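Subject: Structure handover

Hello,

I am passing on the structure below. My notes on it follow.

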Amino acid sequence: MTDQAVDESKLLELFQQDPGLPRANPTASYWQHSPHKLSNVKSTSLPPTTDIAVIGSGITGVSVTKTLLEQHENIRVTVFEARAICSGATGRNGGQLAMNAAENYIKMKEALGTQMAGKIINFNMKTLEAIRDVASNFGDGAQDPELTDLMKLRLFKDKESFHKVCQGIEALERDHPDLKGVYTVLDAEACEKDHGVYGAAGGVLHPAGTVWPYRLILNVFETLVHQYSHRLKIETSSPVTEVTYDPSTDTQYPYTLHTPRGTTRAGQVVYCTNGYTGHLLPILRGIIYPMRGTMTVQDLSSRPGHQNRGSKTSWAIHYTPYFDTESDSYAGGLIYGMQNTKTGWYFFGGEKTPTAELLSADDTTLSASSVQFLQESVSSLFNLGGERTSDQLPSNNNALISSWSGIMGFTSDGLPLVGRLPLKVTGRDGTGEWFSGGYNGYGMPSAWLAGESLGLMVLGKPPKEYFPDAFLMSEERLREKLSVAKSMAYLAES
C-alpha cells in the first residue's frame, strides 16, 4: 500500500475508532456448525466474586484458565464471554498449525537481533508442538479435532516475493544451523509437476499441521469443567462493558466487571480480547487494531482435476500486497488454506476488500469481493476447470459451502503483547490487570504458550524460559515501538 493509495485522515480515523464489543449476530463459522454442549453455558446468576476474571474464551483465554487452575490449588476463575464460547477469532480462523519464520526472519532480525529472532521462531515451533500434544490426548467422548500432520507448501506468485523468502531461509540457516533443513525450496516446475499447483514463481515446503480449532478449544474447556467444577465458572452471553477499580470497598476484590447480567468483583482481570481490546482499554486503540478476515469452505469435487490432498499438504499463496484504486480494495498479500481429509472440501481464507471493511471489528457482515477472490484463487491454484490455463479465472459454479468473517488483532510492531498492563494503559491505580493478544494473524503458533506464560505471571511466577522477552508489555515498548502512526506504517509495509 502506498502513501497515496488511501486518504491518511480516513486511515487514521479507522485505526482510532472504538472496535466496540463482539457483535451479537456474527456470520456463521463453519467450524461451529455443530455447537458443543458447553457452547452457551452460564450460571443462573453471575458469581459475586472471583479471584481471577478472564475476559475471552478463545485459545488464549482457555490457555490462561488452564494454567491458573493447574498451577494453584485454591484459585477461583470466572471466564466471561460476550457470545458463545470460542465464537471469536479462534473459532473463525483457518485451522492452520504453521508459522511464518522464513518470510519474516530478516525483518525480525533487523528489529530484534539474531538471538531474539531465533528465540521467537523456537517459541512458535514449541507452541505448535504443545497444541499437537493437547489435541492428541483427549479421551473418549471428546469431539474429534481432526489433527493432521502434513507439509505446508508456500507458493510465491512473483519473483520478488520468492527471492525474499529464499534470502530469509539462507539467513535463517546461517544464523541458526539447528534449523537447517526445515525448509525445502522448490522451483516453478516442481510446484506444478510434483504438487499440482499452478502459477507460482517458486515455493517452499515445511512441516506443519491442520486442526479443527473450535473442537480443540471446547474439548479443553470440557476437561477443565470436569476437573475443576468447584473453581471454574464460564459465563457466556455476558459481555464485559466496563471494568472499574475501587479497593476502598473491598481490598481482596478491588475490580468490578460490569455486564448486562450484573456485576462480579475480581481480585485480578485478564484481557484475552485481541481485536476488541480497544473498547475496554481505549488507550490501546490503534496500537492494537482489528482486521477483519474472510474464510470460505468450497466443494470443488465436481471439477476436472480435483483430488483430496488434505492428509499430506496445506497451502499458502504469497504475493506482493497492493491497493486497487479502481475498486478501492486492499489485497493483503496472503491466501491460506487446507483440505478436509474426510470431505475433500477446501478451507481457504484471505482478503481483497475495501480498507474500511478490512479495518473493522464487525463480523456480522462479509466481504463479497474477498469471497469471490478466494473462489477464483483456489480454482486457479489447482487448475480445476479443464482446458483453462492457470492465469484464467474460473466461473463460479455454486461450489461455495460456507463463508464467514472473523476479527484478528494486529500490533504496531508486528509482535504479540503479553504481560501486566501499565497504569498509563488502564488509567487505574491497581496493578492486577493483564493482557495477551495481538498475534498479527498468527495466533496458532503463539497464543497457547503466550497464555501459559501469562497465567504464570498472574500467579506471581516467572514466565517459561522459552517465552520471548520481546513480547512483554512495558512502558518502554509502548513509548518507543507502539503508536497509531507506527501501526499505519506497518500496514503500509505489509
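T27 lies in the loop between helix 1 (8-16) and strand 1 (49-55); helices (H or I, at least four residues) and strands (E, at least two) are DSSP runs, numbered from the N terminus. This is a predicted model, in which local features need pLDDT of at least 70 and side-chain atom pairs count only at pLDDT 80 or more, while totals for chains, interfaces and linings use all residues. Residues are numbered from 1 along each chain as its sequence is written, and side-chain values use heavy atoms, with hydrogens and water left out.

T27 counts as buried because its relative accessibility is 13% (buried is under 20% relative accessible area, exposed over 50%, partly exposed in between, with a 1.4 Å probe and protein chains only). Leaving aside residues up to four places away in sequence, T27 touches R92, D363, T364, T365, W404 and S405 (contact means heavy atoms within 4.5 Å).

Helix 5 (residues 159-175) has 17 residues and reaches 24 Å from first C-alpha to last, close to the 24 Å expected at 1.5 Å a residue; the expected span is 1.5 Å times one less than the number of residues. Its buried residues are S161, F162, V165, C166, G168, I169, A171, L172 and E173. They pack against helix 3, helix 4, strand 4 (148-156), strand 5 (184-187) and strand 6 (202-210).

T27 and T343 are 316 residues apart in sequence, and their C-alpha atoms are 22 Å apart in space.

Regards
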